[in-house]
Amino acid sequence: MRKLLLILVLIGILLVSGCVEQTNKLSSEKENKGVIKGEIQKDVQLSCPDSCDDEDRCTMDYCFEYTNFQCRHDDIIPCCGNNVCEEDIISCFDDCKDNGGDYNYISENNVVVIYNKKFSEEVAKDYLQDTLICIPYLKDKLKIDLPEPLKTRFMFILKLIDIEHPFSFATSTGITNLANMKSYENRLKKDDYFKEKIKEGVCLNLHEMTHVFVSMTPIPQWANEGLATYSELEFQENILEIECRERGWYGLDFYGEYKEHPYSNLSMPRKQYGEPGIHWYYTGYCFWGYIKEKYGEDTVIKIVQELKENENNYSADFFKDIVNKVLNEDITKITKERFGVPMKE
Ligand SMILES: [Zn+2]
């Protein structure tokens, strides 16, 4: 009996010491894991710091259990802003401006013109001057400012590209102009005209510039093209006039004739049913023309300002949250009948 008791006690001691040994092993393992960068940490941290942000946008900052609750900062490659030109001057101006490849650039104030080396600097200068004229001009006309990032840097990109129909478009960084060699040569022939207008302080790029000003607002495409056309027709002396009538617009059409055309259906993309794109634009213009006619020019600007108030709020409904709110009236019955928008109420 006494022998049995002794055996039980011995087993008990063995079990306990086994446990003790295991505990020691575990804690020493933890300590080894806790050794970071040759430093022995006495108290092992069991949670991540509140933030691992190193304020370097070219590193990915993270922390979790497998990093032993330590912050890690891994390089992001490629990254614009690391002083290494990994892409090109168009996608990363800061890193690539001194090594632009096919491109040169000129700049003044917040405007940078990046142009293909096959184009002359003279032409780039025209675009630079025109952009510098257009920004304050439209700021004054639309009574809104440029979207935030463009106040610091507005990029005008002149690309040479082998396309049949050259065109321009507004982007979140500025304006891109896609030209082919032929359109560039045609542009060169008209350089005297451009220079003359710039000297007079006339903004030649009202259309695209208008798009830029409202580029981060919840404006539908038809209203955007309509507004850009409104800028072209209303904000400068223009020989071209479009009269917005009840059933359609009257003016010089795509085919060179003065006549009345029924309004396009703005709920459909342009060039539907083989209709010239410009007719769709004129219909969009007449939406704004209707506002101007019925509520006054100031109300057009108030709607533009309300759009600006909703910058980055893409869930806002153009009619419900912007137009009707400003007018204090629901006009969707009329716009639906006349222009086909909104598609549904
Ligand atoms: Zn446009």
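I take a nonpolar core to be a set of buried Ala, Val, Leu, Ile, Met, Phe, Trp, Tyr and Cys residues joined through C-beta atoms within 7 Å. I keep in mind throughout that this is a predicted model.

Entry on the core. I looked up the largest nonpolar core and found that it holds 60 residues, among which Val-113, Ile-114, Leu-138, Phe-156 and Leu-158 touch the most other members. I then asked which element supplies the largest share of this core, and it is helix H9, residues 277–295, with eight residues. Because domain 2 (95–212) and domain 3 (217–345) both give residues to this core, I place it between them.

I followed Leu-138 and, leaving aside residues up to four places away in sequence, I listed its contacts as Cys-203, Leu-206, Met-209, Thr-210 and Phe-213.

Entry on a sheet. I traced an open sheet of three strands, which come in the order S8-S9-S10 with antiparallel pairing. Strand S8 (243–244) and strand S10 (258–262) are the edge strands, each of them pairing on one side only. Looking at how S8 meets strand S9 (residues 248–252), I found that two bridges join them and that they run antiparallel. Here I noted Cys-244, which stands opposite Trp-249 in S9.

Entry on the whole chain. I counted twelve helices and ten strands in the secondary structure of the protein chain, and of its 345 residues 24% count as buried. Among contacts with a separation of 6 or more, I found that 45% are between residues 24 or more positions apart.

How values were computed: Residues numbered from 1 in each chain as written. Predicted model: local features only at pLDDT ≥ 70, side-chain atom pairs only at ≥ 80, totals over all residues. Buried ≥ 20, exposed ≤ 12 C-beta atoms within 10 Å, placed from the backbone. Helix = DSSP H or I, 4+ residues; strand = E, 2+ residues; numbered from the N terminus. Domains from an automatic or database assignment. Contact = placed C-beta atoms within 7 Å. Pairing = 2+ DSSP bridges.
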